There are 2 protein chains.
Amino acid sequence: MERLLKSIKIAINEKIYVKDPESSTLGKRIVEESILMINEMGFESFTFKKLGAEIGSNESSIYRYFENKHKLLVYLTSWYWGWLEYQLVFATNSIADPSDRLEKAIEIVTRTTAKDSAFSHINEVLLNKIVINENSKSFLTKEVDSENKEGYFVLYKRMVSRIGQMIKDVRPDYPFAVSLASTILEGSLHQHFLKDHFGTLTDCRKNEDATSYFLHLVTTTLNA
Amino acid sequence: MERLLKSIKIAINEKIYVKDPESSTLGKRIVEESILMINEMGFESFTFKKLGAEIGSNESSIYRYFENKHKLLVYLTSWYWGWLEYQLVFATNSIADPSDRLEKAIEIVTRTTAKDSAFSHINEVLLNKIVINENSKSFLTKEVDSENKEGYFVLYKRMVSRIGQMIKDVRPDYPFAVSLASTILEGSLHQHFLKDHFGTLTDCRKNEDATSYFLHLVTTTLNA
DNA sequence: CAAGTAATGATAGTAATACTATTATATTTG
DNA sequence: CAAATATAATAGTATTACTATCATTACTTG
């Protein structure tokens, strides 16, 4: 699995970047270090100038890869959803029973990333944390409709669709399959955030609790 | 009800503002116009300078009410949650049956605000839209823990707690009452956002659909 | 009603952000 | 080795997010 993950490349919409960061050493360093820095200082304080200083490169060079830091965030979150989709498909592909398949899917999307694959320049553990803290900011903007039209969010949308389809496979007559799917994905991020910062607003104390919660929620809802 | 709402004042944590905007005409104009502007141009593009120009007042005068625009956002969202809590308590107070009470509560927190009370300087319809689009940004910051400690989010937390308690009143042995409560509140905002921008990621086409969705979700979960 | 105080406005200034443009220097490749 | 390409260095601009100072207006109170 790890070897396999090393060799795959997550295909990101070309409109998100000016020059593919995967195509050069500098590009990879930009992505690599930006993950560390955004995780460290938060997206608001992060700037291309600081990133340049950190990787011993020039601010203007970074602009040749990404138009601005918002697009870099869209790139990082897209990469994450593409990566997670890969995990999802890989793990559920062979499961024939719809209920078992959905259960596995929920497990995969609600757990936190514990281990860095350590092969690529992308630290998945930290990226997972970034997604928990910053994902909403990628679409809660005035430009969301035009960016959506340009295909900036296809990978995220594909994740929701896949889970929605799995729900339909279990219960074709359930009328809120897609809403439930989006609730699982977004809600899971939210529960993890609450666990870290607003302990009184969640029953999830450990990472696995989020899985139990959503597993229970979905199972009872679909078995009604 | 409308008359009543006019006379009540939502008590906001004093640490959120420098000077209480309710205490002067200028303060009220700041709040009033900021709601229109944030709604119009989005929180990122909104600045105190632009606000000053709009209300024919000086940038520096606005800083005498709010330290920065982030705190203004915290103020606005806090006001909204306080207002919604009032609606919630008012509407559910007299309902003795726990299931009926929870049902009413879900209806109130999942519906969108349709009508401005037209009495105060605060346009609740637009504020509701701002909360859908910008609420997450009030806490998805690096300062969340210190601000939480200062009590910036008490009103939001109280809303979640109240609904959590109502869930417990229906099913005391359900182990995820608080998580379910936070899922309803945050998930509802998210479904409304999806309805407006990512139609394929939700089954909610009309505003009422969100109510149906969460009502069904909660009912089946608690009746299992 | 005069005098004092508080609120607001006007102006100026600063450091940082978010870029763009230009030119110089490496590095790669044919 | 020359040409093309990538990166670095430098400079510059408009805007943001403030802070500080001082002038003006409004409001209160003795």
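I counted the secondary structure of chain A and found 11 helices and zero strands. Helices here are DSSP runs of H or I with at least four residues, strands are E runs of at least two, and both are numbered from the N terminus. Along the sequence, the pattern reads α-α-α-α-α-α-α-α-α-α-α.

I noted that this is a predicted model, where local features need pLDDT of at least 70, side-chain atom pairs count only at pLDDT 80 or more, and totals for chains, interfaces and linings use all residues. Residues are numbered from 1 along each chain as its sequence is written, while chains are lettered from A and ligands numbered from 1 in the order written.

Next I checked the overall form of chain A. Its radius of gyration is 18 Å, close to the 17 Å from the globule rule for 224 residues, so chain A is as compact as a globular protein of that length. The radius is taken over C-alpha atoms, and the rule is 2.2 Å times the number of residues to the power 0.38. Along the principal axes, the C-alpha atoms fill a box of roughly 60 × 40 × 35 Å.

I then looked at DNA strand D. It has 14 residues around it, and A:Leu26, A:Ser57, A:Asn58, A:Ser61 and B:Asn68 come nearest. Near means a C-beta atom, placed from the backbone, within 6 Å. Two elements give two or more residues to this surface: α4 (59–63) of chain A and α4 (59–63) of chain B. The most comes from α4(B), with three residues.
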